[in-house]
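Please look over the sequence and the 3D structure shown below, and then read the briefing that follows, which is written for someone new to them.

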Amino acid sequence: MCTIRSNREIDEIFREGTRIVHPLAIALIRETPPERGPEGRVAVIAGKKLGNAVRRNRSKRVLRAAVRRAGGPWPGIDVVLIARPATATASPGGLDSALRHIIERIGVQ
RNA sequence: GGAGUGGGCCGGAUGGUCGCGCGAGCGGUUUCCGUUCGUGAGGAAAGUCCGGACUCCACAGGGCAGGGUGCCUGCUAACGGCAGGGCGGGGUAACCCGACGGAAAGUGCCACAGAAAAGAAGACUCCACUGCUUAGGCGGUGGAAAAGCUGAAACGGUGCGGUAAGAGCGCACCAGCGUCGUGGCAACAUGGCGGCUUGGCAAACCCCACCCGGAGCAAGGGCAAAUAGGAGCGAUCAAGGUCGGCCCGACCGGCGCUCGGGUUAGCCCGCGUGAGGCCGCGAGCGAUCGCGGUCCCAGAUAGAUGAUCAUCCACGACAGAAUCCGGCUUACAGGCCCACUCCGCCC
RNA sequence: UGGGGUGUGGUGUAACUGGCAACACGCCGGAUUCUGGUUCCGGAGAGUCUAGGUUCGAGCCCUAGCACCCCAG
């Protein structure tokens, strides 16, 4: 899974990306810059307000696993997924449906 | 059987399927991909409160300042940790708690109340004898014990003698101080003798003893596109800078000569064989140490553990490594083991 | 990783060297007004982030913890 590493790029996506909101996760979408290659990239973020390190790490793991099951990363687009308080305790089915919701919206774009 | 004290240990288990990080092997179209096997978070990984290892620095050394520790003896790489002992306090007991050096080195503080808060004076009431006065009261001499009042705390305590009344004025015991002896490495305990006594606060300043260079793995080093600059040696003044602060002191910087190499995003090293785990034997009351055997046990770099099925149980708390180690502290569902104390009952 | 700071009524701030926790806004009641606001009078409301300790006495001193904020790389 190709990930977005630099803080600067993530800040750019926060400013320019399209926002898709779901109770289990917030997604920010943007086209991958050409110099970064044809394959899309993914980043997973868990903010400090979610709780302690165990809770934040679990939120990120669960989101990454859901991305793999959903077939990501998707060619040509960068996706930043932000965990929400309900993410850590969500069921896998619920996460899969959240990812389907986000993918449909990407198709609409 | 009940109540309790101290110590140690565990922290869901087993198997299947699909995935993730790392390592090794094999194959391929050798940046990478596929496949097989192995391995993969904690007792606190946490808070970052101490102590070290390691690395670099422009680190000779000295003085002042600053910080820390504070009964004694050990253990340890070191410690503010641990063990044993002493003293004081709590508990019927097992046992627990204690920043526990110094107040006749000095300075300071002790609100209100009170005569007085530390220098002793005796100056509030007072006590004894006595003069004057109708009484109330006013004075003289001696005293500082007793009683009164205040306060958190009042200038050794109790008793006897002594005296006009009294005072360690004398004596006995107790507390405290000094000194000598005995036991102990020591803290200290204990006995004799002496003179008769000097409030509390040092988590107030301080004194004494001991310890402390600074920074921190984003330490530090290597590779190498791009940009433009540096290093070594020598003599030596001023401004400036660095060595945690200041003063000495040292160095950088500035000048001359010589030489080819120095700084920033990415990758690599550092990066896990270690004050290491387990077992046994031995020394020691113990902390701990010695010897032998055996094992290799996470190393990511936006940061690896998720999903699901089955079975079982007491239905699972607090919580996630980021250079490493020794402690301390804090959080925590539930459970197991050992030793000991008190109470009740039975034999 | 290292360093610094703050915590006091509902809110914002005081408390000098340890000695009765103070002020403003807000809140409640009353008066004034036809009603509301303004104004005036009166009142309630914290025991100082938590747990220990030192002291006769702690918001202040000490130890440990909790929460929040900031700085450097």
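What percentage of the 109 residues in chain A do buried residues make up? Buried residues, meaning those with 20 or more other C-beta atoms (placed from the backbone) within 10 Å of their own, make up 30% of chain A. This is a predicted model, in which local features need pLDDT of at least 70 and side-chain atom pairs count only at pLDDT 80 or more, while totals for chains, interfaces and linings use all residues. Residues are numbered from 1 along each chain as its sequence is written, and chains are lettered from A and ligands numbered from 1 in the order in which they are written.

**Secondary structure and sheet**
- Chain A has 3 helices and 4 strands, taken as DSSP runs of at least four residues (H or I) for helices and at least two (E) for strands, and from the N terminus on they run α-β-β-β-α-β-α.
- The 4 strands form an open sheet of mixed pairing in the order S1-S2-S4-S3, where two strands pair if DSSP finds at least two bridges between them.
- Strand S1 (18-22) and S3 stand at the edges with a single partner strand each, so one side of each is left without a neighbour in the sheet.
- S1 and S2 run antiparallel and are joined by 5 bridges, and the bridge partner of Thr18 in S2 is Ile29.

- Leaving aside residues up to four places away in sequence, Leu95 touches Leu24, Val62, Ala66 and Ala90.

Technical notes
Contact = placed C-beta atoms within 7 Å. Buried ≥ 20, exposed ≤ 12 C-beta atoms within 10 Å, placed from the backbone.
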